[in-house]
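Work through the exercises below with the sequence and the model side by side, and try each task before reading its solution.

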Amino acid sequence: MTCNHKDLSTVMEEIELFQGSGQRHICAGCAYLLGVNHRENNSKYNPGAVDDLPESQAQPQRHRNAYGAYDKGFKGRARSRTLP
Ligand SMILES: [Zn+2]
């Protein structure tokens, strides 16, 4: 499966790189959207759900940390910026 998250390019640039081995290259773009979805549906914080997402190494989400992406999606970009 190939994802195209070009509209998330700016968001993806804010997410830390992850180049480690031993972890699937889960699509960070989908992970971000999952986090947003959970927030908007008042679901509880569940980064483990990221494990069920497809893998993708397409740009711009290549090598981005999917868990970090979920976290950012769930907490929201604007708010996280104003946190201390
Ligand atoms: Zn994706």
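**Exercise 1.** Determine where in the chain confidence is lowest and where it is highest.

*Solution.* Begin with the chain as a whole, which averages a pLDDT of 83, with 82% of the residues scoring at least 70. Next, compare the elements: helix α4 (residues 77-82) has the lowest mean, 52, whereas helix α2 (residues 28-40) has the highest, 95. Finally, look at residues 79-84, over which pLDDT stays under 50 and for which the model has 2 contacts beyond four places in sequence. Where pLDDT is low, the predicted coordinates should not be read in detail.

**Exercise 2.** Describe how α2 and α3 are arranged relative to each other.

*Solution.* First take the geometry: the two helices, α2 and α3, pack at an angle of about 30°, and their axes are 7 Å apart. Angles under 35 degrees count as roughly parallel, and α2 and α3 are therefore roughly parallel to each other. The crossing of α2 and α3 is right-handed. Then list the contacts, in which residues of α2, including A28, A31, L34 and G35, meet residues of α3, among them A66, A69, Y70 and G73.

**Exercise 3.** Is α3 largely enclosed or largely exposed?

*Solution.* Count the buried residues: 8 of the 10 residues of α3 are buried, so α3 is largely enclosed by the rest of the structure. The buried residues of α3 include A66, Y70 and F74. Now turn to the largest nonpolar core, which has 18 residues, and in which A66 and Y70 are among those that touch the most other members. The elements giving two or more residues to this core are α1 (9-13), α2 and α3 (66-75). Beyond its neighbours within four places in sequence, Y70 is in contact with A31, Y32, L34, G35, P47 and V50.

Terms used
Residues are numbered from 1 along each chain as its sequence is written. This is a predicted model: local features need pLDDT of at least 70, side-chain atom pairs count only at pLDDT 80 or more; totals for chains, interfaces and linings use all residues. pLDDT is the predictor's confidence in each residue, from 0 to 100. Helices (H or I, at least four residues) and strands (E, at least two) are DSSP runs, numbered from the N terminus. Two residues are in contact if their C-beta atoms, placed from the backbone, lie within 7 Å. A nonpolar core is a set of buried Ala, Val, Leu, Ile, Met, Phe, Trp, Tyr and Cys residues joined through C-beta atoms within 7 Å. A residue is buried if 20 or more other C-beta atoms lie within 10 Å of its own, exposed if 12 or fewer, and partly exposed in between; C-beta atoms are placed from the backbone. Axes are lines fitted to C-alpha atoms, for helices over the stretch in contact, and angles run from 0 to 180 degrees between N-to-C directions. Angles under 35 degrees count as roughly parallel, over 145 as roughly antiparallel, 65 to 115 as roughly perpendicular and the rest as oblique. A crossing is left-handed if the near helix is turned anticlockwise from the far one by less than a right angle, and right-handed if clockwise.
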